[in-house]
Amino acid sequence: MSTETHTDGTRDGHDEITFEDVDWEEFDGGLEWTRTRVAAYLTMGGIALAWLLDSLYGSRRDPLVDYQFGPVEFAPNPGNVEWLFTLTLAVLFFYCLVPLYQNPRRTKHYWKEFKKNKAAVASLVFLVFIFLVAVFGPFIVGRPELDLANAYQPPVFYSYVPGLEGGTWEHPFGTMQSGEDILQTVVIGARVSMMVGLIGCLMIVVLASAVGTTAAYFGGLVDEVLMRFVDIMLTFPTFFLILFVVYLYGGDLFTIILILGLTTWTATSRLVRSEALQRNEEQYIDAAKNVGASERWIITRHLVPNVSNTIITAATLAIPSLILYEAVLAFLGFGDPNVWSWGRVISEGRGDLQNAWWIATIPGVFLFLTVLAFNFLGDALRDALDPRHE
Amino acid sequence: MKAYIAKRIAWTFFATWVTLTITFLLLDFSPISAAGAEFVDQQVQQGMDADEARELYQEQLGHGDTAWERYTNFMVGLATFDWGWSSMYSQPVVDVIANSWIYSFQYVFPATVLSVILGFAIGLYSATHQYTKEDYAATLFAFTGISLPNFWFAIMLILIFATMLGWLPTYYSTDVALLSLENAKQLILPVIVLSTAAIASEMRYARAESLEYVHAEFVKTARAKGLSENQVTIRHIFRPAMVPLITILVGDILGLLFAGGYVIEVIFQIPGLGLVSYEAIIQQDTPLVLATVLIPVFIAIIGNLVQDICYTILDPRIDFGDR
């Protein structure tokens, strides 16, 4: 992290500051205003503000802008989920990619450890591909539309009866019972899965690290109450908790993502707590306490960064289950009826196994591969980031 | 140890109470739990007599005008097994549950036994043969198993074995007797789907736990004094590894089996608790939804209690302060 500060323009450099000069009160309250941090806050604040303005004044029908680049149409009309997804992407960029770029030595070390696991590298490549498809795909291939004239088109290289005309490149993955192109539904499904996985993961990171480190740092009654609550939440079988809450409050994708995030953070927070308890005993925490750092400062600057490896690993390993939960909900028909999730396409293809196997099969392959890739990735991250883990 | 067990049981009651209170709050704040007047209005609109509707409302679990009244009714109703009236089945909820649990049990039980035996066995083998071809194959299987979406796997098996090959029936039929070959045949696919995920996650845990003891000093000693490989594996590796493995049995595996069973029952149309719950959600039969959600919760709570008590008996070093 760079040491540039621009809190005070008149002070040139910081070589004249001695230990006694530092006003700990002031230093304690504020944050170091590095360039990246300012950029991060401005971006995230901007997105949050735009979201607020859009939900207050934006009309529901009209897109924000409408550009046409040849076959590609860019006409975003973001709903709540899209805004939250943009915010998540900004967080991912500023707190994951930027630090990696700024610490090339550490990045190289992690990469060296990570590279040993061939399956994980392949998974990473696949996930980057799915991620790009999720972010840009819908603008390129378009959204699935009702097209009754083209129902039950088989995928390319397959025909109902050998010799008969088979599928065409117009619908490379075939079409569904009401003519929606499966390639388009797969692309939209990738977007939905990525949204669920990444937004949910961010929620888990925030909630689990807040609760886990708070419990570990304060101990005593705070710890007891928080962790007992987590215990009780953990006894509740997650799937049924999600099902019940979705039944009571569910509906659109935004609510479902919130529900998924709010119900799955407990296991991670317990892990974070036990890790933070060990860190809490270390000397740098005592040192920080002795120079008079506040509790908030110690938690945010010393505890959270030092348990971040555990948090990241646990959150990555939570992504596959989030994606699967959403897919199951969509499959059962409790998902958002306006969203083409992979689970929903599979459920629509269930009744057509006799004559159109591809409807249920193709989105399922993508769902399976994505979940598998996240599992491999999480496992490799644990090996690379956590030196104590075998 | 007696004090510990007593404390643990007291905690179970407290946890149950908190869980039920949270459930009640979730229910009471939701748009679905219509308070008395609204409920009656709704029924009247659907063509029911007003008195009849009021009577029906009195049979709902947790009826009442104020939140406190609803809460006490809810708690007392649950404690006295008066779980409300299912409008979908026109039966008390408890009866619906009593009629359907056997259909769930008949395939969840074999799947559990199968997954525990196979999962532990493969995990143990994997750990004692670390970094061999078999170990890699087992790890690959484990990753596949935990990543396969249950519902998609079930559909693919139906596609291959029922639709294409025609060996097994596509749907579950209640016409055959429970203890017959026909019934066993139509349960093959559900058991395979359900146990695959469970085997995969159990063997991963079993492998990780066993690995802790494979290179332990006492295992070397056991080998040095001339015990056979099998004896070393079973008495000196599996035995200590089993203690923490019991923990995941209840927490993870029960959840996995119940959640998997839910989807499987919907796909194969097995009229067990999962299908009942699914239909109750579709029909908005709230008392039945609540009951079918609470049953896994109760089983999980009791399972956790039994697991913790087993844990102390197997490993007396543990006490309530440790988490």
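Start by selecting Arg279(A), which sits in helix α10 (residues 266-280) of chain A. Keep in mind that this is a predicted model.

**Stop 1: around Arg279(A)**

Is Arg279(A) buried or partly exposed? Partly exposed, because 19 other C-beta atoms lie within 10 Å, and a residue needs 20 or more to count as buried.

**Stop 2: chain A as a whole**

Color chain A by secondary structure and you'll find 15 helices and two strands. Of its 390 residues, 39% are buried. If you look at the contacts in chain A with a separation of 6 or more, 72% of them join residues 24 or more positions apart.

Now switch to coloring by pLDDT. Chain A has a mean of 80, and 82% of its residues reach 70 or more. Which elements of chain A have the lowest and highest mean pLDDT? The lowest is helix α1 (residues 24-29), at 51, and the highest is helix α6 (residues 182-218), at 89. Then select residues 1-14 of chain A, where pLDDT stays under 50. The model gives this stretch 10 contacts beyond four places in sequence. Where pLDDT is low, the predicted coordinates should not be read in detail.

**Stop 3: helix α15 and an annotated span of chain A**

Select residues 357-385 of chain A, which make up helix α15. At 1.5 Å a residue, its 29 residues should span 42 Å, and the end C-alpha atoms are 42 Å apart, so the two agree. Helix α15(A) is mostly covered, with 21 of its 29 residues buried.

Next, select residues 190-378 of chain A, which UniProt lists (unreviewed entry) as "domain: ABC transmembrane type-1". That span is 85% helix and 0% strand, and its end C-alpha atoms lie 19 Å apart.

**Stop 4: over to chain B**

Chain B has 12 helices and two strands. Following the sequence, you pass α-α-α-α-β-β-α-α-α-α-α-α-α-α. Of its 323 residues, 37% count as buried. Among contacts in chain B with a separation of 6 or more, 70% come from residues 24 or more positions apart.

Color residues 2-93 and 98-318 separately: these are domain 1 and domain 2 of chain B. Their C-alpha centres lie 33 Å apart. Where they touch, domain 1 of chain B contributes 20 residues and domain 2 of chain B contributes 15. On the domain 1 side, α1 (2-29) and β1 (85-86) of chain B each supply at least two residues. The largest share of that side, nine residues, comes from α1(B). By class, the domain 1 side has 11 nonpolar, eight polar and one charged residues.

**Stop 5: Arg70(B)**

Zoom in on Arg70(B), in helix α4 (residues 67-79) of chain B. Arg70(B) is buried, because 21 other C-beta atoms lie within 10 Å and the cut-off is 20 or more. For another distance, pick Phe298(B): Arg70(B) and Phe298(B) are 21 Å apart, C-alpha to C-alpha, and 228 residues apart in sequence.

**Stop 6: the annotated transmembrane regions of chain B**

UniProt (unreviewed entry) marks "transmembrane region" at residues 107-128, 140-167, 187-205, 245-268 and 288-314 of chain B. Residues 107-128 of chain B are 100% helix and 0% strand, with end C-alpha atoms 31 Å apart. Residues 140-167 of chain B are 82% helix and 0% strand, and their end C-alpha atoms lie 28 Å apart.

**Stop 7: where the chains meet**

Finish by showing both chains together.

Technical notes: Residues are numbered from 1 along each chain as its sequence is written. Chains are lettered from A and ligands numbered from 1 in the order in which they are written. This is a predicted model: local features need pLDDT of at least 70, side-chain atom pairs count only at pLDDT 80 or more; totals for chains, interfaces and linings use all residues. Helices (H or I, at least four residues) and strands (E, at least two) are DSSP runs, numbered from the N terminus. A residue is buried if 20 or more other C-beta atoms lie within 10 Å of its own, exposed if 12 or fewer, and partly exposed in between; C-beta atoms are placed from the backbone. Two residues are in contact if their C-beta atoms, placed from the backbone, lie within 7 Å. Domain bounds come from an automatic or database domain assignment. Ala, Val, Leu, Ile, Met, Phe, Trp, Tyr, Cys and Pro count as nonpolar, Asp, Glu, Lys and Arg as charged, and the others, Gly among them, as polar. UniProt positions are given in the numbering used here, feature names are shortened, and annotations may be inferred rather than shown by experiment. The expected span of a helix is 1.5 Å times one less than its number of residues. pLDDT is the predictor's confidence in each residue, from 0 to 100.
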